[in-house]
Amino acid sequence: MLLEINELFVRYGKSVMALQGASLEVGEGELVSLIGQNGAGKSTLLKSIVGIAPVHSGSITYDGAAVTDKKFSVIKNRIAYVPEDRGVFSSLTVGENLRLGAVSRKDTRNIDADIERELARFPILGEYWSRGASLLSGGEQQQLAIARALLLRPKLLLLDEPTLGLAPIIVDLIFDVIEQLRDEGVTILLVEQNAVRSIEVSDRSYVMQAPGKILGSGDAKELAANEAVVDYLGFSPTGLLGDSE
Amino acid sequence: MILQIIVDMVGLGATYALLTIGIALLFGILGLMNFAYGEIIMIGAFAMYLFKDYPWFVGVLAAVVFAVVVSVLTERLAFRPLRNADPVTLMIASFAVSLALQSVMRMTVLPRTQGVPPQPFLTESITVFGIRVTVLQIVTLVLCGVLLGGLALLMKKTPLGVQLRASAENFQVAKSLGVKGSFVIMSAFAIAGVMAAASGVILVARQGAVSAEMGLTPLLIGIVGAVVGGMSNLKGAALGGLLLGMGTGLLEATLPTDLIAFRDAFLYSAVMVVLVIRPQGLLSGTKVRTS
C-alpha cells in the first residue's frame with residue numbers, strides 16, 4: 001500500500017478528539033474516497049497526513065516511511081494537498097498561483113510543458129492567466145487549486161471537498177478531472193460529502209462518522225452489504241454497482 | 001516661497017517614506033510589529049560613524065552590510081524560535097530585542113552621542129528658479145524612489161517576490177506548496193535591513209550624529225506613517241510616510257513661532273482624524289477590526 005493509516009487519534013487541545021482510531025489504506029494508482037457528514041473528521045485526516053493536524057497516537061506510513069517523522073517531507077515525497085478553502089492566493093495572478101505549484105521542483109525545464117498540459121485540462125486558467133485570482137469564481141478557483149497541486153507531479157493527491165458549494169456543471173467537470181487523473185495513474189484520496197458521486201468514481205470508499213470513526217469501507221457492493229453504512233448514508237449504494245464495476 | 005516649502009516638504013516626506021517601508025514589509029509578511037526596527041536603523045547609522053573617515057560610499061556599503069546582518073540575526077536568534085507564537089508574544093519579543101540592542105551598543109561602542117561630520121557634497125545646494133535644493137534632498141528622493149521602485153519590481157517580477165506575497169497572504173498554504181518558509185522570512189528581514197540602512201544613512205546626514213537611542217523617533221514615525229497609509233500595503237505605507245513628512249514640513253513652515261512647539265500635537269491630531277475616517281489606512285483594501 002502507498003498510504004497506510006493505522007488507529008489514528010488526533011486531538012485538538014486537551015478535550016476535542018477529532019479522530020478516534022481511524023484506519024485507512026490507499027494503494028498505488030487507486031482512487032479512494034472518504035465520505036461522511038460535516039464534522040466527521042475527514043478533513044482532519046487529510047491534515048494529519050500533511051502534518052498540519054496534531055497526531056496524538058497511531059501511525060501514518062507513506063511508501064514505507066513514517067509520515068509523523070520530523071524528517072519526512074510531504075513535498076519531497078510528492079504529496080500534493082488541495083485544502084477545503086482551496087488556498088488560492090487572492091493577491092497573486094492566476095499565472096503566479098499556478099507557477100507556485102512547481103516552486104519546489106528541480107526539473108525546471110519541464111515546468112512550462114506541465115503548465116501547458118494543465119492549461120489544456122483547465123482552459124479557463126489560460127484565458128485568465130494575468131487576472132487576479134480574487135476575481136475568479138469558486139469553480140475557477142477550484143480548478144486553479146487542483147492545477148497548481150498537479151504541478152508538483154504528485155504521486156499522491158489529497159483533495160478536500162473539491163466540489164463543495166459549486167454549481168452542478170462544475171461538479172461534473174471536477175469529477176471528470178478526478179477520473180481522468182486516476183486514469184493517468186495519479187493516486188488520489190478524495191474527501192467528499194457528495195457520497196453518490198464519490199462512490200461512483202472511486203475504487204473504494206471509506207465512510208466516516210463523527211467523531212472520527214470509520215464505519216465501513218469497500219466498493220459499492222461491499223458498502224451496500226454493510227447495514228451501518230447504509231443506515232448512515234440514508235441510501236444503499238447498490239444502485240451504483242453498474243458504474244463502479 | 002511656496003515652491004521652496006513644497007520642495008522641503010517632499011524632501012522630509014521622502015525620508016519618512018523610507019522609514020515606513022521596512023516596518024510595513026515585515027508587518028505585511030509576518031504580521032510582526034518589529035519594535036527593534038529602530039535599532040536596525042541605528043546600526044546602519046553606526047556603520048556610517050565607524051567609517052566616517054572613508055569615502056561616503058564605503059560607509060553606505062558598510063551600513064547596508066551591518067544592518068542586513070543584524071536584521072537577519074535578530075530573525076535567526078529571537079524571532080525564529082517564536083515562529084508559531086501569537087502576535088503579542090512576537091511584539092513583546094521585538095521590544096526585548098530593541099532594548100537589548102540599544103543596551104549592548106550603549107555599554108560597548110556607543111556610550112554617548114557621537115558626531116559624524118556631514119559629507120561636504122551632501123550639504124551643497126543648487127538653485128533652480130529661485131528654489132534652493134540641497135544635494136541631500138535630491139539623494140533622499142532618488143534613494144526613496146530607487147528603493148521603492150526596486151522593491152516593487154522585486155515583489156512583482158521575481159520568484160522571491162511572488163513567494164513573499166504568497167507567504168504574506170497564507171504562510172501555511174505557501175509552505176504546503178514547497179515555499180521555503182525560513183528562507184522567505186530571512187529574505188524579508190534582509191530587505192528590511194537594506195531599508196533600515198538607507199534610513200540610517202539619511203538620518204546621519206540630516207542629524208550629523210549617532211546615538212544608541214536614535215532609533216526611537218524614526219521607529220515611531222515609521223509606525224505612524226505605515227498605519228496612516230495602510231499597514232500591510234507597501235505603496236500605502238510609503239504614501240503614509242510621505243504625507244506625514246510633508247505634513248511635518250508644512251507645519252514647520254507655516255506655524256507661528258510660538259506654536260512651533262505644538263507641531264506634533266497638530267500633526268498627530270490630523271493623523272487621528274484620518275484614522276477615524278479610514279481606520280484601515282489610506283490605501284489598504286481590507287477593513288480592520290474596529291471593535
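How many salt bridges does the rule find across the interface of chain A and chain B? The rule finds one. The points below start there.

1. **Basis.** This is a predicted model, in which local features need pLDDT of at least 70, side-chain atom pairs count only at pLDDT 80 or more, and totals for chains, interfaces and linings use all residues. Residues are numbered from 1 along each chain as its sequence is written, chains are lettered from A and ligands numbered from 1 in the order in which they are written, and side-chain values use heavy atoms, with hydrogens and water left out.

2. **The bridge across the interface.** The salt bridge joins B:R165 to A:E96. Their closest N and O atoms are 2.8 Å apart. A salt bridge here is a side-chain nitrogen of Lys or Arg within 4 Å of a carboxyl oxygen of Asp or Glu.

3. **Extent of the interface.** Chain A brings 14 residues to the contact and chain B brings 15 residues. Contact means heavy atoms within 4.5 Å. The area buried between the two chains is about 1,300 Å². Carbon and sulfur atoms give 62% of that area. Buried area is the accessible area (1.4 Å probe) that two parts lose on being put together, summed over both.

4. **The chain A side.** The residues of chain A that touch chain B divide into seven nonpolar, five polar and two charged.

5. **The cores.** The largest nonpolar core has 87 residues. A:F89, A:L100, B:I23, B:Y37 and B:V210 touch the most other members. Helix α9 (residues 181-207) of chain B gives the most to this core, with 15 residues. Another core, of 40 residues, lies apart from it; A:L2, A:I49, A:Y62 and A:L158 are among its members. A nonpolar core is a set of buried Ala, Val, Leu, Ile, Met, Phe, Trp, Tyr and Cys residues joined through side-chain atoms within 4.5 Å. Buried means under 20% relative accessible area, exposed over 50%, and partly exposed in between (1.4 Å probe, protein chains only). Helices (H or I, at least four residues) and strands (E, at least two) are DSSP runs, numbered from the N terminus.

6. **A:L100.** Leaving out residues up to four places away in sequence, A:L100 touches A:F89, A:L92, B:V162, B:Q163, B:A166, B:L177 and B:V179.

7. **Salt bridges overall.** Over all chains, the search finds 23 salt bridges. In one of them, A:R99 meets A:D112 at 3.0 Å, N to O. A:R99 sits in helix α2 (residues 94-100) of chain A and A:D112 in helix α3 (residues 111-121) of chain A, 13 residues apart. A:R99 is partly exposed at 41%, and A:D112 is partly exposed at 45%.

8. **A network in chain A.** Salt bridges link A:R105, A:D107, A:D114, A:R117, A:E118, A:R121, A:R153 and A:E184 in a network. A:R153 meets A:D107 at 3.7 Å, N to O. A:R153 lies in the loop between α5 (138-150) and β7 (156-160) of chain A and A:D107 in the loop between α2 and α3 of chain A, so the pair ties together parts 46 residues apart in sequence. A:R153 is partly exposed at 33%; A:D107 is partly exposed at 26%. A:E118 and A:R117 form a salt bridge at 3.0 Å, N to O. A:E118 is buried, at 0%, whereas A:R117 is partly exposed, at 37%.

9. **A:E30.** This residue is in the loop between β2 (16-26) and β3 (31-35) of chain A. Is A:E30 buried or exposed? At 15% relative accessibility, A:E30 counts as buried. Its side chain reaches the backbone nitrogen of A:G27 at 2.6 Å. A polar contact of 2.8 Å joins the side chains of A:E30 and A:R204.

10. **B:M1.** B:M1 is in the segment before α1 (2-30) of chain B. B:M1 counts as exposed, at 76%.

Notes:
Ala, Val, Leu, Ile, Met, Phe, Trp, Tyr, Cys and Pro count as nonpolar, Asp, Glu, Lys and Arg as charged, and the others, Gly among them, as polar. A polar contact is a pair of N or O atoms within 3.5 Å; within protein, one must be able to donate a hydrogen and the other to accept it, and residues adjacent in sequence count only if both atoms are side-chain atoms.
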